[in-house]
Structure formats: structure tokens, C-alpha cells
Amino acid sequence: MTDSTESPDLTRRGGLTRLKEGTYGGLFAACAAITLLTTAAIFVTLLSDAVVFFRSISIVEFLTGTNWSPNPAGGGQAFGIIPLLIGTLTVTITAAFISIPIGTLTAIYLSEYATPNARSILKPLLEILAGIPTVVYGYFALVYVTPALKATLFPEMSTFNALAASIMVGIMTIPMVSSISEDAMSAVPDELRQAGYGLGATKFEVSTGIVVPASISGIASSYILAVSRAIGETMIVVVAMGAQARMPEVQQALFGIPFVNPADVLLQSGMTITVAMVQITGGDLTGGTLPYNSMFALGLALFAVTLVMNVISDIIAQRYREEY
Amino acid sequence: MSNSTTDDSLITTEVQTDSNDGREAPAAGTAVAARDLDVFYGDEQAIDDVTMEIPEKRVTALIGPSGCGKSTFLRCINRMNDMIEICRVEGDVEFGGKNVYDPDVDPVALRRKIGMVFQKPNPFPKSIRDNVAYGLKIQDFDGDVDQRVEESLKGAALWDEVKDQLDSSGLELSGGQQQRLCIARAIAPDPEVILMDEPTSALDPVAASKIEDLIDDLAEEYTVIIVTHNMQQAARISDRTAVFLTGGELVEYDDTAKIFEDPEEQRVEDYITGKFG
């Protein structure tokens with residue numbers, strides 16, 4: 001190497017190469033910009049049409065109203081989001097009670113217990129579960145889950161009900177929790193497991209005491225995604241839960257503390273925010289009317305709910321973060 | 001595990017009758033013994049018919065070129081090799097008179113008696129306190145945890161540096177401190193043997209020399225078995241040295257002074273003087 005008398009060629013590359021490099025950079029930046037611009041455009045559209053809506057209906061009335069009837073036959077429109085919010089939260093929370101525990105335990109099994117063979121079969125299978133069209137889940141809920149629940153546990157259940165829809169939304173989001181959590185757990189360095197085993201920890205102790213805490217931020221983000229997906233889920237809910245915006249009966253418990261019988265919410269029909277939006281677009285709808293604009297107010301509310309959920313999950317993830 | 005008077009022991013836990021025992025230290029009992037040990041990874045033999053007795057409360061160094069099986073041997077002692085599916089062990093490894101590969105031995109219980117320190121410092125992403133207390137927690141230790149944490153950190157020569165930050169993450173420490181934290185974590189449950197797999201190879205020379213001093217102190221209470229690539233390190237810190245050469249063969253095992261000054265085997269001399277490996 002050193003005996004070469006010729007100095008190496010260090011001159012800048014020709015204009016064409018530099019032009020190509022610059023073009024690539026621009027292309028990649030443009031793709032990134034599309035996502036950003038779309039998000040911004042959606043937000044601006046939501047906001048501007050919602051503002052028109054809030055000129056007619058006050059924000060307080062929208063947020064505290066307990067009656068949702070945008071297109072009543074007789075007249076007397078009402079735009080109260082509370083029954084829709086109850087519907088959305090019922091589905092989301094019930095679904096989370098299914099998807100989070102089952103998804104997390106599945107992820108622990110896949111990451112820590114399954115043999116490579118079992119994992120290579122199970123993981124793609126779970127991902128197929130995520131690929132089933134949601135309308136299929138919806139009909140499954142309506143045609144199989146509801147009759148089964150009716151025949152066994154809840155004879156008084158209505159044909160369209162929140163419980164069956166929530167169960168199916170929960171099952172639909174299991175792969176999201178398990179797949180992303182499993183990725184996070186598999187990324188935990190093996191040295192940490194070795195340290196645990198070296199101290200005489202059992203597999204269970206290593207999994208729950210070392211691997212899960214070390215990957216909690218990845219696990220939490222899988223929960224965020226699953227919950228956000230459940231909040232936005234429309235098809236399953238339209239098919240299996242019906243479209244009746246109803247307020248549960250608020251009862252007075254001890255000391256006058258108001259409470260709602262969960263059965264009153266879960267076993268009855270209901271309506272979520274997304275379904276309300278679908279219903280409005282389903283009617284003969286002309287732009288600029290109040291029901292039309294209410295759609296954007298609902299969209300904004302949905303956006304806000306998702307944002308709050310994300311922020312809360314983020315705080316939780318930060319709080320329990322164990323970086324390795 | 002510790003109480004193993006009932007099993008038909010093959011090993012003598014009595015005085016080591018070593019012909020080269022010219023050192024001042026009194027002869028010690030045997031902590032760990034291998035008998036006709038063969039280890040295979042699939043079809044490949046990693047340990048070839050090794051028989052050796054490791055004295056208690058001494059530092060025993062395992063040296064040899066890469067791939068000679070010294071780490072494999074170390075991991076047979078606490079059965080960490082169990083986790084490698086293709087690994088197959090034949091022969092006996094005795095600890096306290098009991099073959100650790102007997103079917104009735106629970107590797108979890110075994111590892112609670114044999115601590116381990118790894119090549120790369122691997123503290124848990126937890127606080128310093130929780131790191132040291134981890135072994136106590138999983139063993140349902142019912143004594144004073146804080147006191148044991150303090151003793152262990154003192155034992156690992158780390159207490160003075162971290163006593164005001166026990167709740168901060170173990171990962172905020174420097175590499176050398178992390179390795180001493182791992183040593184504290186290993187000695188907290190009060191094991192009988194500490195296995196060290198090249199514990200200083202990822203550290204700078206100053207941090208490494210602190211660990212070496214520490215190993216010397218540890219041998220007062222524990223049996224230390226250390227795998228090292230560094231022959232000077234083996235010469236400095238160990239009482240006994242075992243030289244493994246390619247193919248997992250234990251070529252020579254003797255007092256460290258004897259190995260480094262006057263080895264019996266030409267191959268060992270070649271290796272130590274750098275002609276081979």
C-alpha cells in the first residue's frame with residue numbers, strides 16, 4: 001500500500017452522481033412529507049367543519065348532552081355525545097380486558113417458552129387472525145357469539161349487544177398486542193436472561209421479573225395501538241352492536257353515589273362514535289347541514305379520545321421504563 | 001443441595017494430595033469435581049474426557065485458546081448449558097459430593113448455590129439495590145435485605161461508590177462498576193462457588209485490575225473458578241491453573257506457579273510462551 005507513488009484520486013465525483021444523490025434524498029423526504037401533510041390536512045378539515053357545527057350547537061351542549069338524534073323523523077334534533085361516548089368506552093374497555101391479558105400472555109409464551117418450531121408456526125397464524133376482514137368478525141359475533149351467550153349465560157341479552165361486539169373487537173386486537181409485545185420481549189438482550197438463570201431464577205421468574213419489565217415500553221405501545229384500534233373499530237360494532245344511541249339507566253347506590261349496572265350497558269344495543277358517523281353518511285345527506293357538520297365534531301372528539309389515551313399510555317410507559 | 005450426606009459420593013472431600021503442594025496455603029477440600037466429562041454440541045465434541053478436582057476457597061483459572069471448551073466446562077458446573085438444545089453432557093460433575101447431572105437435581109436449586117459472573121457486565125435495568133437483592137427476592141430471603149445488600153456491595157468493593165445512589169439504575173454505572181455490581185449480585189445469596197466467564201475482557205485495564213484485586217479477596221470465602229483469555233491475569237490471581245487446548249482436552253492442571261514456570265507438557269509451554277494459540 002505505502003509503496004504506491006501515485007496519490008489517490010480524491011477529486012469530487014461528477015455532477016451526475018451528486019444530482020442522483022440529491023434526487024434520492026428529495027424523493028425520500030417527499031414521501032415522509034406526504035404522511036405529515038395528510039395528517040395535518042385531516043386535522044384542519046376536521047377542525048374547520050367542526051367549528052361550523054359548534055356555531056349552532058355549543059361545545060358544552062355537545063359534550064354533556066345525553067341524547068343523540070341527528071335526523072329524527074318528527075323533529076327535535078339533539079347532538080349530545082354522552083351516549084356515543086359510553087358506547088365507545090364500553091367496547092374499548094371490554095375489548096382491552098380481552099386483548100391485553102391474552103395478548104400479553106401469548107407474547108410471553110411465544111418469546112420465552114415456545115420452541116423455535118412452535119413459534120415459527122404460531123406467529124404467522126396469529127398474524128392471519130389480524131388479516132381477517134372485520135366484517136367477518138362482526139357477523140361471527142352476531143351469528144355465533146350472541147346466540148351462544150344467550151343460550152348459556154345471559155338469556156335476557158338483546159340480539160344486538162355491546163358484549164358480543166366487544167368480545168370480537170378484543171379477539172381481533174389480540175394479534176396486535178401479542179405480535180408487538182413479542183417483538184419487544186425478543187429484543188431484550190439474552191445476557192439479562194442468563195444473569196437471571198445464573199442466579200437460580202425459574203423461567204417464570206425470568207419472564208415476568210426481568211424480560212417483561214425490560215420491554216415494558218414496547219408492551220405499552222402495543223396496548224396503545226390495540227386500544228386505539230378498538231376505539232376506531234366500526235364494522236364489527238355496526239354489525240353486532242346495532243345502532244341505537246341509548247343512555248343506560250343511572251341508579252342511586254349507597255349514599256346516593258350514582259352507578260350504572262354493567263349488564264344494562266353490555267347486554268343491550270348501543271352506538272359508538274364511529275357508528276354514529278357511519279349512520280350520518282348512510283342517510284340522504286347534503287353538505288353543509290347540521291348533521292353533516294356534526295360528523296366532523298364527532299371525528300374531532302374521537303381524535304381527542306385517542307390522543308388522551310396515547311398520552312396516558314406514554315406517561316405510564318415512561319414511569320415504568322427500564323432501559324437496557 | 002448443600003446437605004448431601006445421603007448420596008453415594010464418589011469424591012473425597014478430604015485433603016487434596018497434590019504432589020506440587022509446596023505453597024503456604026493449607027490444602028483445601030474439593031468444591032467441584034469433573035469425572036470423565038464429555039460435552040458435545042451436536043456432533044462436535046467441546047469437552048473431551050476431562051477429569052479434575054477444583055479446591056474450595058481457592059481461585060482456579062481455566063485458560064486456553066478460543067474454542068478450547070473452557071467456557072463450556074464452566075457452564076457445565078451450574079448447568080447453564082442446559083439452555084442450549086444441541087448440548088449433550090456425558091460423565092459427572094460433582095458439587096458437594098453430588099453429581100449435578102443426576103436426574104433428581106434441579107438446576108434452579110443448583111444455580112442458587114453457584115453464582116455466575118459473565119463476560120459482559122449485565123446488570124438488570126433496575127436500581128442498584130434491586131439488582132443486588134434480586135437473588136434474595138427469588139429465594140424468598142427472610143433476613144434483612146438492606147443489610148445483605150450493603151454487605152454484598154462492600155464485598156464487591158462497590159459500596160463506597162454507590163451508597164448514596166442505591167435507587168438509581170444499575171446501568172448508570174461505568175462498565176467496571178457494573179461488573180462489580182454483577183459480582184455483588186452474585187454473592188448476595190451467599191453461594192459456595194462463583195463462576196466467572198472472562199469477567200474483565202470487556203473492561204479497561206484499571207477497572208480490570210480492581211476486579212482482579214476483588215477476586216483475590218473473594219477467595220477467602222468462596223471457591224472462584226475463572227475462565228480467562230489473559231495468561232498474565234491467570235498467573236496473577238489464581239492458585240491453580242488448568243490449561244485446555246483445542247478439542248476440549250485438559251492438557252495440564254497444576255499449581256499456577258508450576259504451570260507458568262515449569263510445565264510438564266511441551267504444548268502447554270508453547271501455548272504459554274505464545275508459540276501456539
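At what angle do α7(A) and α8(A) pack, and how far apart are their axes? In this predicted model, the angle between α7(A) and α8(A) is about 150°, and their axes are 10 Å apart. Angles over 145 degrees count as roughly antiparallel, and α7(A) is therefore roughly antiparallel to α8(A).

## Helices α7 and α8 of chain A

The crossing of α7(A) and α8(A) is right-handed. On the α7(A) side, the contact is made by Leu192(A), Arg193(A), Gly196(A) and Tyr197(A). The residues of α8(A) that take part are Glu205(A), Val206(A), Ile210(A), Val211(A) and Ala214(A). By class, this contact of α7(A) with α8(A) comprises six nonpolar, one polar and two charged residues.

## The side of chain A that touches chain B

The contact between the chains involves 16 residues of chain A and 21 residues of chain B. On the side of chain A, the elements that give two or more residues are α7 (190–198) and α8 (203–214). Helix α7(A) gives the most, with six residues. The residues on this side of chain A are eight nonpolar, four polar and four charged.

## Helix α4 of chain A

Helix α4(A) covers residues 116–131. Its 16 residues should span 22 Å at 1.5 Å a residue, and the end C-alpha atoms are 23 Å apart, which agrees. The number of buried residues in α4(A) is zero, so this helix lies largely in the open.

Helix α4(A) packs with α6(A), residues 162–186, at an angle of about 140°, and the two axes are 8 Å apart. That angle makes α4(A) oblique to α6(A). The crossing of the two helices is left-handed. From α4(A), the contact is made by Leu126(A), Glu127(A), Leu129(A) and Ala130(A). The contact of α4(A) with α6(A) has six nonpolar, two polar and one charged residues.

## Chain B and its helix α6

Chain B contains ten helices and ten strands. Of its 277 residues, 46% are buried. Among contacts in chain B between residues at least 6 apart in sequence, 68% join residues at least 24 apart.

Helix α6(B), residues 175–187, has 13 residues. From its first C-alpha to its last, α6(B) reaches 19 Å, close to the 18 Å expected at 1.5 Å a residue. This helix is mostly covered, with twelve of its 13 residues buried. The buried residues include Gln177(B), Leu181(B), Cys182(B), Ala184(B) and Ile187(B). Their cover includes the strands β6 (114–117) and β7 and the helices α3 (128–138), α4 (145–155), α5 (159–162) and α7 (205–218) of chain B.

With α7(B), helix α6(B) packs at an angle of about 20°, and the axes are 9 Å apart. The two helices are therefore roughly parallel to each other, and α6(B) passes α7(B) in a right-handed crossing. In this contact, Gly175(B), Gly176(B), Gln179(B), Arg180(B) and Ile183(B) of α6(B) meet Ala207(B), Lys210(B), Ile211(B) and Leu214(B) of α7(B). The residues of the contact divide into four nonpolar, three polar and two charged.

| Helix pair | Angle between axes | Distance between axes |
|---|---|---|
| α4(A) and α6(A) | about 140° | 8 Å |
| α6(B) and α7(B) | about 20° | 9 Å |

## Met196 of strand β7 in chain B

Strand β7(B), part of the cover of α6(B), runs over residues 193–197 and contains Met196(B). Is Met196(B) buried or exposed? A residue is buried if 20 or more other C-beta atoms lie within 10 Å of its own. Met196(B) has 27 other C-beta atoms within 10 Å and is therefore buried. Leaving aside its neighbours within four places in sequence, Met196(B) is in contact with Val117(B), Val224(B), Ile226(B) and Val227(B). Met196(B) and Leu62(B) are 134 residues apart in sequence, and their C-alpha atoms are 10.0 Å apart in space.

Technical notes:
Residues numbered from 1 in each chain as written. Chains lettered and ligands numbered in written order. Predicted model: local features only at pLDDT ≥ 70, side-chain atom pairs only at ≥ 80, totals over all residues. Helix = DSSP H or I, 4+ residues; strand = E, 2+ residues; numbered from the N terminus. Expected span 1.5 Å × (residues − 1). Axes fitted to C-alpha atoms, helices over the stretch in contact; angles between N-to-C directions. Parallel < 35°, antiparallel > 145°, perpendicular 65-115°, else oblique. Left-handed = near helix turned anticlockwise from the far one by under 90°. Contact = placed C-beta atoms within 7 Å. Nonpolar A, V, L, I, M, F, W, Y, C, P; charged D, E, K, R; others polar.
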